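Trainee: I would like to learn how to read a model feature by feature. Please show me on an example.

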Amino acid sequence: MIPSIEFRGVSKFFGNIIALKDISFKVFKGEITALLGDNGAGKSTLIKLLSGVHIPSEGEILLSGEPVNFKSPRQAVSAGIGTVYQDLALQPLMSVTRNFFLGREITKGLFLNMPLMNTITKKEMAKLGIDVADPTQPIGTMSGGQRQTLAIARAIYFGANVLILDEPTSALGQKQQLEVLRTIKKVKELGDIAIIFITHNDMHAKLLGDRFAFLNRGKVLAEGSRDEIDMNNLRPLMAGGAELEKLETEFSGR
Amino acid sequence: MASDERIRDIGLIRRSISRPELGSVFGLIIIVITFMTLTSISGTFGAMWLNPIGIQAWVELAAFVGILAIGASLLMIAGEFDLSMGANIALAGHSFAIFVLFGVPIELAIILTFIELAFLGFIIGVIVVRTGLPSFIVTLAFWFASRGFAVFLSQTFFNQSRLSVKANLKPPPGGGEDPTLIDNIFAFDKAFGVPFDAEVYYFIILVFIVAFITNRTPYGNWIYASGGDPVAARAVGVPVARVKISLFMISTSLACLLGILTVMTSGASDPKAGDFRELHAIAAAVIGGCALTGGYGSVVGAVLGALIFAIASRGINFVPFIDNNLFRVMLGMLILGSALLNQFLRDRIVKG
Ligand SMILES: Nc1ncnc2c1ncn2[C@@H]1O[C@H](COP(=O)(O)OP(=O)(O)OP(=O)(O)O)[C@@H](O)[C@H]1O
Ligand SMILES: [Mg+2]
């Protein structure tokens, strides 16, 4: 199977800072790829390369086998890459529907086709398990988990076949975290979307991940499917593998 | 799909959603009742509320401030500010008068003045968007520059700061015989003998158009998003910079309309035209529920704010037992009170 996304020897430098060095990994449709790594490992930089915010310094990114070269987020979006940023890019005081369609409104002549947009919003949210009784409510009234779902539903509706979720559960309470995990599972069940799931939480990664990629200090530490990765070894890998071992010997030598 | 046990209802939260103009509706009711009571006590009820001249006084002021408030509220919703509106009225009036005095046909002079002011708005917008300076600062610069430039030009060419174009307007203002097409468009009162100045009719038409645009078009959506969270708006493809530039152009064009209307109806351009009107317009927008932080507010609210401002401002003349200076105190309290009320209403929406 051709991977939806493939990184081949991708590097990204910011001046003299090496944010990513020689990154290679694959993402397949219908699968959840958990991207794991400690703070500053380069996760956000990696998805910014994918979503057109940054341009790679070296290497290439392949989309369904074709090399791509995004120069702006717009290009990435129209190529089917939907990114749900940590801060979600939502307008709290605007209604659910207006947020859903912001920047891509459906019009009838010059004017917004509100009834149609309301219907679609309800329908798309229901697909991910949220019943929006009144889509004209301001989004500020929704819970964090519901907003996350809205951002995801929006990305999917506008043709994302690669969905990038940057720490979607990090800012949420326990119950809402589960709600978001459920939403992500529903997206997977839709079947034709490749999901990149960035998280610090090894439990969440274990629950949802089909493939795993571990980033450490700008490099891929390990990569592979569920069978190829030692599932009991997630936590040390996330914290940077060898380094943790070193630390353990240091501590035990006390 | 309603049978899915995982579907949850979010509709129960905050059914009682408040519209931004809610506060100003209360405000208007209160101010009308207050002044009806006060004028009844001073025996001037009829003079203010029934007599055409009395009504004219506050309706025309409401229209003048209201037209500016349309621009002020659009900008505030988009998270920006235009302090130069009042000065631009003088710039427009003077530019128009200078064109006319130089023998440019009135129709052409009107077009040229609109182009000039729209271009000024474009420049202001580009400076704000490109430099990232707060628009408060950028337009403060033009608050000085616009009026200064207008008076400089008239001093240079005509050696006076007030420019009369009475002789060039045919028929002269107040004349009334054979109105021209331009009279029909820019000075209906002359043309049709209707009771109000032309800005009242422009005001009514503009309110409808702009309210429709803000609520019912993609552009309206983008205005709100540009002020609410510009980064987020850009991320989903809203052309934030272009939206903001266009709004500065609307703001200067509205000032232009008022400048030209004033000259057309009075026959002269005064260097003090529009003085302080930008603050009145901003006051109206604040009373009407616009948030200074952007992303929230309504044009209809700002219009109600202008009406509140005008009734309070003119009404005080009909109530002799209250000192005129107290009016400013009252207006100040009114702005403070409205801002507090609006903040309270806004917080209820977000916090649920
Ligand atoms: N625009 C930039 N300019 C300079 N350095 C940058 C820039 N963006 C990221 N970096 C650096 O690149 C490295 C990786 O950062 P990145 O944000 O990708 O980490 P992360 O894995 O997302 O971390 P976190 O888990 O904290 O979100 C960091 O050392 C960071 O300081
Ligand atoms: Mg990050």
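Mentor: Keep in mind that this is a predicted model. Start with a loop: the one between helix H6 (135-158) and strand S2 (163-164) of chain B holds B:Asn159.

Trainee: Let us go on to the sheets. What is the order of the strands in the open sheet of four strands in chain A?

Mentor: Strands of a sheet pair through backbone hydrogen bonds, either parallel or antiparallel. In this sheet the order is S2-S1-S4-S5, and the pairing is antiparallel. S2 and strand S5 (66-68) of chain A are the edge strands; each has a single partner strand, so one side of each has no neighbour in the sheet. Direction ignored, neighbouring strands are turned by 35° against each other on average.

Trainee: Over how many bridges do strand S1 (residues 5-14) of chain A and S2(A) pair?

Mentor: They pair over seven bridges, in the antiparallel sense.

Trainee: Which strands form the open sheet with mixed pairing in chain A?

Mentor: Six strands do, in the order S6-S10-S11-S3-S12-S13. The edges are strand S6 (81-84) and strand S13 (219-225) of chain A, each with a single partner strand, so one side of each is left without a neighbour in the sheet. From one strand to the next, the twist averages 15°.

Trainee: In which sense do strand S10 (residues 162-166) and strand S11 (residues 194-199) of chain A pair, parallel or antiparallel?

Mentor: S10(A) and S11(A) pair in the parallel sense, over five bridges. A:Leu165 has A:Phe197 of S11(A) opposite.

Trainee: Now the ligand. Which residues come nearest to ligand 1?

Mentor: The shell around ligand 1 has 13 residues, and A:Asn39, A:Gly40, A:Lys43, A:Ser44 and A:Thr45 come nearest. By class, the shell divides into four nonpolar, six polar and three charged residues.

Trainee: Which polar atoms of the protein lie by oxygen atoms of ligand 1?

Mentor: Look at side chain and backbone separately. A:Asn39 places a polar side-chain atom 2.8 Å from an oxygen atom of ligand 1, and a polar side-chain atom of A:Ser44 also lies 2.8 Å from a ligand oxygen. From A:Ala41 it is a polar backbone atom, at 3.2 Å from an oxygen atom of ligand 1. On its own, ligand 1 has 640 Å² of accessible area, of which the protein covers 63%. Strand S2 (17-27) and helix H1 (43-50) of chain A are the elements that give two or more residues to the shell. H1(A) gives the most, with three residues.

Trainee: Last, helix packing. At what angle do helix H5 (residues 106-131) and helix H12 (residues 240-266) of chain B pack?

Mentor: Two packed helices are described by the angle between their axes and the distance between the axes. For H5(B) and H12(B) the angle is about 145° and the axes are 7 Å apart. The crossing is right-handed. The contact between H5(B) and H12(B) has 19 nonpolar, five polar and one charged residues.

How values were computed:
Residues are numbered from 1 along each chain as its sequence is written. Chains are lettered from A and ligands numbered from 1 in the order in which they are written. This is a predicted model: local features need pLDDT of at least 70, side-chain atom pairs count only at pLDDT 80 or more; totals for chains, interfaces and linings use all residues. Side-chain values use heavy atoms; hydrogens and water are left out. A residue is near a molecule or strand if one of its heavy atoms lies within 4 Å of it. A polar contact is a pair of N or O atoms within 3.5 Å; within protein, one must be able to donate a hydrogen and the other to accept it, and residues adjacent in sequence count only if both atoms are side-chain atoms. Accessible areas come from the Shrake-Rupley method with a 1.4 Å probe; for residues, only the protein chains shown count as cover. Ala, Val, Leu, Ile, Met, Phe, Trp, Tyr, Cys and Pro count as nonpolar, Asp, Glu, Lys and Arg as charged, and the others, Gly among them, as polar. Axes are lines fitted to C-alpha atoms, for helices over the stretch in contact, and angles run from 0 to 180 degrees between N-to-C directions. A crossing is left-handed if the near helix is turned anticlockwise from the far one by less than a right angle, and right-handed if clockwise. Two strands pair if DSSP finds at least two bridges between them.
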